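Student: I would like to go through this model by question and answer. Please show it first.

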Amino acid sequence: MAWLKFPVSLPKMRVTLSSLDTCESSFTPLVVIELAQDVKEETKEWLKSRIIAKKKDGGAQLLFRPLLNKYEKETIENQNLYLVGASNIRLLLGAEAVGLVKECTDAAMRAFTYGTRHNFKGFHDNNDDFLTMAECQFIIKHELENLRAKDEKMIPGYPQAKLYPGKSLMRRLLTSGIVTQVFPLHDTEALKKLEDTWYTRFALKYQPIDSIRGYFGETIALYFGFLEYFTFALIPMAIIGLPYYLFVWEDYDKYVIFASFNLIWSTVILEVWKRGCANMTYRWGTLVMKRQFEEPRPGFHGVLGINSVTGREEPLYSSYKRQLRIYLVSLPFVCLCLYFSLYVMMIYFDLEVWALGLHEDNESVWTGLLLYMPSIVYAIVIEVMNRLYRYAAEFLTSWENHRLESAYQNHLILKVLVFNFLNCFASLFYIAFVLKDMKLLRQSLATLLITSQILNQVVESLLPYWLQRKYFLKVKRKVQALKVDIDTTLYEKVLLEKEMGTYLGTFDDYLELFLQFGYVSLFSCVYPLAATFAVLNNFTEVNSDALKMCRVFKRPFAEPSASIGVWQLAFETMSVISVVTNCALIGMSPQVNAVFPESKTDLVLIVVAVEQMKMVAENLKEESQEDGKKAP
């Protein structure tokens, strides 16, 4: 990969903005640091000295320079942008520091060390593609975050920005507003190659997951791998559901066979994914990679004290106070939101009764269409409520003041999943088990599923892409209007990327798949086309999400991952709920009731037995997996 060579010549990047044929100023920029416009010169000089200082002196020993030189700052609008890179040797030493795992020549996966570098597959002294670009940017991020205060009591020029020994300088600069953002740069040539094999040519093919991992890192690659796997796993459901829908359309009660298939499908696909995921992450080295010690999250605050585990001075906050905030404020608020969601649901049923009465009094094409309006409006309201609640959940979880990012994410995911589950599925459970109206259940499920898919495609991909294109044209015109005799290619590239939206992680993407899995696994037996629509949506979702990652958002820093994390547990929980739901639907069906015309006791026992057999099978499998891990 030529982007690691020194000196470097970047395509279409001519001289003046970055003289790439000189010593330290000739590095390939990998990361951009943007400072606030009014940052003092002494702060800039201090930050530069800490970044380029040797490791033994407490620095990061990285390469650092401003985007514009002195002459160019006078010619072009100064953006306070700085470029960060590293030499090839520095990156290899960084790979050892972060514990990257690579394949050895004997096919074993081992943590990389610089001293034994020649024992690793694909490494040569003149080979510059041993580390992927995503890994190099992850190393630089790690080094920047591990710049720590020594004897400084404050950030130079900002006495209110207090420091203490061991405090992460970059986190303090970000929370103080001195540094506005830190982001990795796209590689134009590598991105073009990735796009050509990924989404620019619409075709039914596998995604280049390894290439996605090389460019964006394991977390993003695992999401796209799961999206692809889940889409292909839906195809058997779609194949069975299409003829089932066509030939048994008017008979809403003949769903026993499809519900039985649902029972098996919803469990098997998750077990198969776990195996496939483990194979991928082992090949990438993240399955056996040691976890880094987790630092306090940037928003964490408290009274300065000594951490009993690390011995470092850092803010401490009582877990008792945090629990009070959770149980006395957050929990009641979540319950209030759930009550409001149920209240809105009852308004929706009132609208259904009103639309049905209007249609019965005056049957026409218009009143027939009006029957679908309550469901469409309710689906839109659900999406709006989900998004509003998300902001409230983020605020509450931040206010709870969790020390670690993982704890923050777990509490946020729990809040959001509980509300989204009730908000999206409560009406379907009410129709199925209280009203017992299978026709209305089919209509509601179809409307909720299709409407949510359309809204998600528009809000998450099309709208951001349209806004980004408008800004791109604006910057183009602005740069072309500069009457200067210098090359502005790099300046334009950085300026465009810094204004792109920030990708906030895979949370929303997994949440969308989680809800889709719920719609398909819970009630698709009464609407067999649910899987078909999900497959069609996911084929476009792959391309729209790829476009979003490549052209709409800034490039995110890579994050090593060994699995899809807490989302695996979320999908497995939904699978258990789907088993219980489908067993209950089977128990309600006229065909099964005909077998037990006198007593319902035997029927209930059979339904519970099926559900319990599934639970026992899963427990036995987990125990066997644990025994396998303990075995020598």
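Student: Is serine 427 buried or exposed?
Tutor: This is a predicted model, where local features need pLDDT of at least 70, side-chain atom pairs count only at pLDDT 80 or more, and totals for chains, interfaces and linings use all residues. Residues are numbered from 1 along each chain as its sequence is written, and side-chain values use heavy atoms, with hydrogens and water left out. Buried means under 20% relative accessible area, exposed over 50%, and partly exposed in between (1.4 Å probe, protein chains only). Serine 427 has a relative accessible area of 1%, so it is buried.

Student: Which residues does serine 427 touch, not counting residues up to four places away in sequence?
Tutor: Contact means heavy atoms within 4.5 Å. Serine 427 sits in helix H13. Its partners are Met345, Tyr348, Phe349, Tyr378 and Leu448.

Student: Valine 418 lies in which helix, and is it buried, partly exposed or exposed?
Tutor: Helices (H or I, at least four residues) and strands (E, at least two) are DSSP runs, numbered from the N terminus. Valine 418 belongs to H13, residues 405–435. Because its relative accessibility is 38%, valine 418 is partly exposed.

Student: What distance separates the C-alpha atoms of valine 418 and valine 334?
Tutor: The two valines are 84 residues apart along the chain. Their C-alpha atoms are separated by 8.8 Å.

Student: Which residues does UniProt list for "transmembrane region"?
Tutor: The record is an unreviewed entry. UniProt positions are in the numbering used here, feature names are shortened, and annotations may be inferred rather than shown by experiment.

Student: How far apart are the end C-alpha atoms of residues 412–433?
Tutor: In the model this span is 100% helix and 0% strand. Residues 369–389 are 90% helix and 0% strand, with end C-alpha atoms 31 Å apart. For residues 412–433 the distance is 30 Å.

Student: What is the phi of lysine 436, and where does lysine 436 lie?
Tutor: Most residues other than glycine have a negative phi. Lysine 436 is in the loop between H13 and helix H14 (438–480). At 55% relative accessibility, lysine 436 counts as exposed. Its phi is positive, about 55°.

Student: Where is glutamine 61, and what is its phi?
Tutor: Glutamine 61 is in the loop between helix H1 (41–52) and strand S2 (63–66). Its relative accessibility of 33% makes it partly exposed. Glutamine 61 is not a glycine, yet its phi is positive, about 55°.

Student: Which residues touch the most other members of the largest nonpolar core?
Tutor: A nonpolar core is a set of buried Ala, Val, Leu, Ile, Met, Phe, Trp, Tyr and Cys residues joined through side-chain atoms within 4.5 Å. The largest has 100 residues, and the members that touch the most others are Trp198 and Trp567.

Student: Why does the span of helix H16 agree with expectation?
Tutor: The expected span is 1.5 Å times one less than the number of residues. H16 (residues 507–523) has 17 residues, so it should span 24 Å. Its end C-alpha atoms are apart by that value, 24 Å.

Student: How many residues of H16 are buried?
Tutor: H16 is mostly covered. The count, out of 17 residues, is 16.
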